[in-house]
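This report describes selected features of one protein chain. Please look over the sequence and the structure before reading on.

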Amino acid sequence: MTADLTLYNSLTRSLERFEPLDPAKGVRVYSCGPTVYNYAHLGNLRAYVFTDTLSRTLTWKAKENGWGALTHVINITDVGHLTSDADAGDDKMEAAARAQAKSIWDIAAHYTAAFKQNIHDLNIREPSRWSVATDHIEEMIDFAKRIAPDHCYELDTGLYFDTSTVAHYGQLAGAQDDAAEGRIDPVEGKRHPQDFAIWRKSPPGEQRQMEWDSPWGMGAPGWHLECSVMSLKYLGAPFDIHTGGIDHREIHHPNEIAQNQAFCGCDDSGAHFWMHNNFLVDRQGKMSKSRGGFTTLRSLIDAGVHPLAYRLLCIQAHYRSELEFSAESLAAALTRLKRLVITVRALEARVEGPEAHVEEHAWLDQLDAAAADDLNTPKALVVLDEMLADKRLTPSERLSLLIHFDGILGLNLYNLTRENLRLRPANATLTAGDIEARLAERKQARAARDFARSDAIRDELAAAGVEVMDGDPLGWDWKPAL
Ligand code: AMP
Ligand code: ZN
């Protein structure tokens, strides 16, 4: 029994049954990628944990249904994204290059590499293609030339898209329309507030680090253009699924849709499903790069938290729910990850005889049903706990089932060990060995009822960022203090 895949389509604001447009060709997915002017913050990374869950589920469903292989494209935005989502402000890349006195290319290379490291640390599968915006400038100019006569007008500042020339502009934004309008900056001469730049001319007398010649003068493409061009180039139109964070539902994706409609001369949005992950928030609100003080994955690792604890934190929530990030929620996810690792390693220790290979089982049907229900990972995690505790199965059978579960959840549980989870903070003054030695000393002190000495050792460890855990139910002696 395999469950029908149901996904939430932001375009219709409803759950819909998903079928590939061309099953033999395989599902085609485009995900808006990072703007590489800074490190990705944890909120950005939530967007890619979501796309990874989607891609893992589609791969699972492709196998079940005999669809062709998944094609997944993620772009790298290295030009055109302004400091506001609309058409005012500086180019984020130019601004970062100036602030750091580096070339834009160096900035892009540095933050792209850092992003790919995050992807690796979160056990996110690489897409079939990373497509870099600046590798596609000629194609963007060609696209703009084709739509310009019927859909664009020129101002001193650039070439603008007239949003009244396409049907249902902003349908995707729906009820959010008013909120979005507040974020659109006025540009002198625009026909409608929602009109947006396709090509931005370099200001007279100013030379940009990144600029190209075009029929509308030297300048750079507008941010929305790249995603229309690259999705069309690599996936064809229409393709199956377009993803992004929920902020993109208001401006970026409606603008892409308008361009796609202009290009095809039809009402088609360009993609069958538009899917959006909700925000990661902290106590100050939505996490964003421009707010500053954001938390990176590197900062978690440096504090001694395994990156997969963050992945678990993400998938404990449904992708369409807002998720609150705090030291407590992260610590709880880390504890849950430890518990899973201990359970799996204990099963492994009990394996006798040959390995089992379970390909079909009622537990896999339950996992399938959860994933097929609009990627219900919180449910899938509960099913995982129950499966691991199912005494009717041998340890070897449970481990074999685990491999299938991990295909969807991506927690690398088959390989992670207790030792892997013991990351030491980057600024740690004590090694794991030092800590073990201190704990052994403390044990002796306690055995000798020298509680003053035992407390002193605990305080000394606390000062070094190590929390002693007496009587921990999971058998952990210490953990990094968060
Ligand atoms: P950017 O690098 O700003 O272009 O964003 C990369 C991705 O992260 C986009 O899909 C955004 O919609 C998404 N995003 C930005 N902030 C958050 C957040 N706080 N929570 C979840 N996703 C976010
Ligand atoms: Zn995009």
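## The second largest pocket

In this predicted model, 18 residues line the second largest pocket, and those nearest its centre are Trp-60, Lys-63, Glu-64, Glu-359 and His-404. The volume of this pocket is about 470 Å³.

The most comes from α1, which gives five residues. Sorted by class, the lining consists of eight charged, five polar and five nonpolar residues.

## Packing of α9 and α10

Two packed helices are described by the angle between their axes and the distance between the axes. For helix α9 (residues 307-315) and helix α10 (residues 327-349), the angle is about 105° and the axes lie 8 Å apart. Angles of 65 to 115 degrees count as roughly perpendicular, so α9 is roughly perpendicular to α10.

On the α9 side, the contact is made by Leu-308, Ala-309, Tyr-310, Leu-312 and Leu-313. On the α10 side, Ser-329, Leu-330, Ala-333, Leu-334, Arg-336 and Leu-337 take part. Of the residues in this contact between α9 and α10, nine are nonpolar, one is polar and one is charged.

## Confidence of the model

The average pLDDT of the chain is 92, and 95% of the residues score at least 70. In residues 176-182, by contrast, the pLDDT is below 50.

Methods:
Residues are numbered from 1 along each chain as its sequence is written. Chains are lettered from A and ligands numbered from 1 in the order in which they are written. This is a predicted model: local features need pLDDT of at least 70, side-chain atom pairs count only at pLDDT 80 or more; totals for chains, interfaces and linings use all residues. Side-chain values use heavy atoms; hydrogens and water are left out. pLDDT is the predictor's confidence in each residue, from 0 to 100. Contact means heavy atoms within 4.5 Å. Axes are lines fitted to C-alpha atoms, for helices over the stretch in contact, and angles run from 0 to 180 degrees between N-to-C directions. Helices (H or I, at least four residues) and strands (E, at least two) are DSSP runs, numbered from the N terminus. Angles under 35 degrees count as roughly parallel, over 145 as roughly antiparallel, 65 to 115 as roughly perpendicular and the rest as oblique. Ala, Val, Leu, Ile, Met, Phe, Trp, Tyr, Cys and Pro count as nonpolar, Asp, Glu, Lys and Arg as charged, and the others, Gly among them, as polar. On a 1 Å grid over the protein atoms alone, a cavity is a set of points where a 1.4 Å probe fits but cannot get out, and a pocket is an open set with protein on both sides within 12 Å along at least five of seven lines; lining residues have an atom within 4 Å of a point. Grid points are joined across faces, edges and corners, and a volume is the space filled by probe spheres set on the points.
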